[in-house]
Amino acid sequence: MRRFSCLPLLLALAATSVAAQPLSPQGTDPSWVAPEKDAARKNPLASKPELAAGGQKVFSRTCANCHGDEAHRATTKAPDLASDAVQAQSDGAIFWKITNGNTRKAMPSWGSIPEPQRWQLVLYLRSLRDTK
Amino acid sequence: MRRFLTIFALMLTLAAAARAQEKPYFVTYDQTMEEKGNLEISSENTFGLQKQGLPTFYAPLGEFEYGWTGWWTSELYLEGASQHNDATVFTGYRIENRFKPLNGEHKINPILYFEYERISEASRINKEVVGHAELSNESLRDLHGEKAHELEGKLILSSNAKGWNISENFILEKNLTEDEGVEFGYALGVYRPLSLIASGTNCHFCRENFKAGMELYGGLGSTQQFGFEDTAHYLAPVLAWHAGENSTFKVSPGFGLTHNSSRMLIRFGYTYEIQGFGSKMKRMFGGK
């Protein structure tokens, strides 16, 4: 029994030593680009702008932690989603980025959100252009 | 009995203070990783109704889950057990790490899971079911003295399609203090939100706030005797309710399918997420 007594301590030390390392810096990742086929996808809910309110609800539940409650303000963790750099991207490209995430830059993949709700998120993000 | 009720009341109090959103599974893991810098505190509780007049048990489990990066999540579990007309004991702890080797969303998303357990034979939580099983009427007080060091690995495969999540877990477990060989187990899960469209109103009982599904989990014997003989298996409907913007209740009545299974494992849980916990800690200790 004694020979395993130091195992928890070693595990804790390993975890602490890694935790002490600086986390990967935030910022844009030029290699994070949606494939052409995905970028060309159209938002199937584009003709239903009233569904953007549901997108805002999904946003506050899943995205506001990093992007901020307002979404149109850069935070220390994530970029301004109303910025020209984001809004210049196609609906399909934004949808692809929500779906796949980018774990290198701490953007989770949100494929677990049902597809219609991810398109609602895109609708909501598009509505930020008017509030900027 | 008074101890039993005290622990139960404590767990309910903790639950009432909690808030977060969660998948409905209790045993099966999907590809969801904790977000970087977030700490999730959960309380999961299992009531076991046994066969052959064996005593009912209650097993609380506290979980602390932290996201180090987008591809690495760690979790600490503290567990206890209480048995009717017997004892209430702390049964041990588990430390787990999950790694997401592939960036992005795929048709099948693999996750690698490694866990170290320091638990006693009195453990009743059934966090996973592996190896062989037998119904026991031994006292928790006696079993509490039998401590074990165990290593566990899981291959988690998970897919999202048309609003459904389908997850498969393949489990290996090695008890380092007993010569039991390597034990095997599995967990399968499927769930779907009741609505795929989010309504625009702040409603508590909207259909999209409910996720319903099913879990099937059990043991597959060991390297000494592989197969279904003398193993326990459970079929468990699962239901999660996102009661508020960040709070989720979940419940699952699991039905024993074999002679060696408990009659029922009734589980309920609640989760609280501290967002930006890592950066708050850094600031507290003088970091930027």
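**View 1. Two chains in one predicted model.** This is a predicted model, in which local features need a pLDDT of at least 70 and side-chain atom pairs count only at pLDDT 80 or more, while totals for chains, interfaces and linings use all residues. Residues are numbered from 1 along each chain as its sequence is written, and chains are lettered from A and ligands numbered from 1 in the order in which they are written. The predictor gives the complex an ipTM of 0.81 and a pTM of 0.85. As for pLDDT, the predictor's confidence in each residue from 0 to 100, chain B averages 89, and 91% of its residues score at least 70. Over residues 7-21 of chain B, though, the pLDDT is below 50. Where pLDDT is low, the predicted coordinates should not be read in detail.

**View 2. Where chain B meets chain A.** The contact takes 32 residues from chain B and 35 from chain A; two residues count as in contact if their C-beta atoms, placed from the backbone, lie within 7 Å. Strands S2 (57-69), S5 (109-120) and S6 (147-161) of chain B each supply at least two residues to chain B's side. Helices (H or I, at least four residues) and strands (E, at least two) are DSSP runs, numbered from the N terminus.

View 3. A:Gln117 has its place in helix H7 of chain A. Why is A:Gln117 called buried? Because 25 other C-beta atoms lie within 10 Å of A:Gln117, and the cut-offs are 20 or more for buried, 12 or fewer for exposed and partly exposed in between, with C-beta atoms placed from the backbone. Leaving out residues up to four places away in sequence, A:Gln117 touches A:Val58, B:Leu196, B:Ile197 and B:Ala198. A:Val58 is 59 residues from A:Gln117 in sequence, yet 7.3 Å away in space, C-alpha to C-alpha.

**View 4. The largest nonpolar core.** A nonpolar core is a set of buried Ala, Val, Leu, Ile, Met, Phe, Trp, Tyr and Cys residues joined through C-beta atoms within 7 Å. The largest one here has 24 residues, and A:Ile94, A:Phe95 and A:Leu121 are among those with the most contacts inside it. Helices H3 (52-62), H6 (91-100) and H7 (115-131) of chain A each supply at least two of its residues, and the largest share, seven residues, comes from H7(A).

**View 5. Helix H6 of chain A.** Eight of the 10 residues of H6(A) are buried, so this helix is largely enclosed by the rest of the structure. Among the buried ones are A:Asp91, A:Trp96 and A:Lys97. After H6(A) comes A:Gly101, with a positive phi near 65 degrees.

View 6. S6(B) and S7(B) (residues 164-175) pair in the antiparallel sense over 12 bridges; strands pair if DSSP finds at least two bridges between them. B:Glu152 stands opposite B:Glu173. Two residues lie between these strands, and B:Lys162 in the turn has a positive phi of about 50 degrees. In the hairpin of S7(B) and S8(B), six residues lie between the strands, and B:Gly181 takes a positive phi near 75 degrees. Here B:Asn165 stands opposite B:Tyr191.
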